[in-house]
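Here is a friendly walk through one protein model, written for someone who likes to know the cut-offs behind each term. Please keep the viewer open as you read.

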Amino acid sequence: MRLLYRPLFQVCSKVSAITRMSKLTLVSSNKCFGGEQRVYSHESSEVNCTMKFGVFLPSDALDGKKLPVFYWLSGLTCTEQNFITKAGGQRLGAKFNFIIVNPDTSPRGCNIEGEDDSYDFGSGAGFYVDSTTDKWKKNYRMYSYITKELPALVNENFPSIPDRIGISGHSMGGHGALISALKNPGMFRSVSAFAPISHPTKCAWGKKCFGGYLGSDENVWREYDATELVKSYNGPPLDILVDQGAADNFLKEGQLLPERLMESCAESKMPCVMRMQEGYDHSYFFVSTFMEDHFAHHAKFLNN
C-alpha cells in the first residue's frame, strides 16, 4: 500500500499550482505512467537568466526512493518541450525507474543583439559550450549549466543517486552529451547519442557557433569536439551508443560526420557502437523509434 504522506519535495499535482522548492518554481505537473511529468523554472547563476527544465519522476521517486538520473539534451531550435511531448521518454522512465531531466537548449530573453536572428546561433542554439567572447560570455555558459548548476539543483531537490547518472541527446544535444561525458571522466556512468554533431570543428554548424561563442582560436574549439576529445580521454571506461538515420539530410550535408567519431574511437580503443538505421531521418520519429534501446543501454550501467 502506498503511503498517503509524501516527502517534502513532493508537491500537489495540479497544473495551475505554482509551488516553490529550493530555488525552483513549479510551472506545470501532469500525471503520466504512474509518475509525474513536471516543468520547473529557476534563476540561473551560470547563464544569468530564467531557465526551464523538465523532470519526470517515476512513482518510486514520488515516494522518496532514490533513483538514477537520465539527462537528455535537445538539438537546435528546441526547448524543454520537444523531448517531453515527442520522445516517449516517460513510459521508459517508468519502466527502467529513472528520473529524467531535460533542460532548455540555450539562455532566453537576454537582450543580446542578434540572439534571435538565426536558428543555428543564439536562442535555441547554445551548443553546450561556455562562451569566451565578450558579447556572449555573460549568458552563454550552457556547458557549465549542464555539468555543474543543473545536477546540483537536481540532487538538492529530487531523490537522485548522484553517482548514478547517464546522459544522452539528439543532434546538437548528442554533441553536448558526448562532450559532457568525455570532459568529465567518471561523472556520467553511461552516454549515448542520436545523430550527434560528432565533429563540430569541421562542419558548418560547429564553425558558426564556435567562432561566435569561442572566438577564432581553433585549439579552443577542439576542447568541445567529441572526435578530438576521444583521443585524449583518460578515465573510467565509457561505452558509447550512437544511432544515426541513413536518410538524414544533415548527414548527407556533412553536418554530423559520425564516421569521424567512429574512426577516432577505433584509434583510441574507445568502445563505440554506431547503428545506421535505414530509411530514418533526423526527426523525433527516428528518435522515439530507438529510444527504448538507449534506455536499456543506460540501464546496464545505472542499475548495477
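## Asn-184 and its contacts

Asn-184 touches Tyr-143 and Thr-147, not counting residues up to four places away in sequence; contact here means heavy atoms within 4.5 Å. You will find Asn-184 in the loop between H5 and strand S8 (190-194). Helices (H or I, at least four residues) and strands (E, at least two) are DSSP runs, numbered from the N terminus. With a relative accessibility of 19%, Asn-184 counts as buried. The classes are buried for under 20% relative accessible area, exposed for over 50%, and partly exposed in between (1.4 Å probe, protein chains only).

A word on the ground rules: this is a predicted model, in which local features need pLDDT of at least 70 and side-chain atom pairs count only at pLDDT 80 or more, while totals for chains, interfaces and linings use all residues. Residues are numbered from 1 along each chain as its sequence is written, and side-chain values use heavy atoms, with hydrogens and water left out.

How far apart are the end C-alpha atoms of helix H5 (residues 172-183)? They are separated by 16 Å, which agrees with the 16 Å that its 12 residues should span at 1.5 Å a residue. The expected span is 1.5 Å times one less than the number of residues in the helix.

Of the 12 residues in H5, 11 are buried, so the helix is largely enclosed by the rest of the structure. The buried ones include Met-172, His-175, Leu-178, Ile-179 and Leu-182, along with the glycines Gly-173, Gly-174 and Gly-176.

Ser-171 sits in the loop between strand S7 (160-169) and H5. Its phi is near 60°, a positive value in a residue other than glycine. Ser-171 is also buried, at a relative accessible area of 3%.

## Helix H6 and its buried side

Which residues of H6 are buried? They are Trp-205, Gly-206, Cys-209, Phe-210, Tyr-213 and Leu-214. Their arc around the axis is only 110°, which puts them on the same side of H6; the arc is taken from the directions from the helix axis to the C-beta atoms. The cover over these buried residues includes H5, helix H7 (218-221) and H9.

Ala-204 belongs to helix H6 (residues 204-214) and, at 52% relative accessibility, counts as exposed. The C-alpha atoms of Ala-204 and Val-101 are separated by 29 Å, with the two residues 103 apart along the chain. Just after H6 comes Gly-215, with a positive phi of about 90°.

## Helix H10, two faces

In helix H10 (residues 258-268), the buried residues are Pro-258, Leu-261, Ser-264 and Cys-265. They cover an arc of only 120° around the axis, which puts them on the same side of H10. The face turned away from that buried side carries the exposed residues Ala-266 and Glu-267. Covering the buried residues of H10 are elements including H5, helix H8 (226-232), strand S9 (240-245), helix H9 (249-252) and strand S10 (272-277).

Ser-264 has a relative accessible area of 2%, so it is buried. Leaving aside neighbours within four places in sequence, Ser-264 is in contact with Thr-227, Val-230 and Lys-231. H10 is followed by Lys-269, whose phi is positive, near 55°.

## Ala-94 in helix H3

Ala-94 lies in helix H3 (residues 89-96) and is partly exposed, at 28% relative accessibility. Its contacts, apart from neighbours within four places in sequence, are Phe-33, Phe-56 and Pro-58. The C-alpha atoms of Ala-94 and Ala-266 are separated by 35 Å, and the residues are 172 apart along the chain.

## The largest pocket

Rolling a probe the size of a water molecule over the atoms shows where empty space is left. A pocket is an open set of points on a 1 Å grid over the protein atoms alone, where a 1.4 Å probe fits, with protein on both sides within 12 Å along at least five of seven lines; lining residues have an atom within 4 Å of a point. The largest pocket has a volume of about 220 Å³, counted as the space filled by probe spheres set on the points, which are joined across faces, edges and corners.

The lining of the largest pocket has 14 residues, and Leu-76, Thr-77, Cys-78, His-170 and His-282 lie nearest its centre. By class, the lining has 6 nonpolar, 7 polar and 1 charged residues. Here Ala, Val, Leu, Ile, Met, Phe, Trp, Tyr, Cys and Pro count as nonpolar, Asp, Glu, Lys and Arg as charged, and the others, Gly among them, as polar. Thr-77 is found in the loop between strand S5 (67-73) and helix H2 (81-86), and its phi is near 75°, a positive value in a residue other than glycine.
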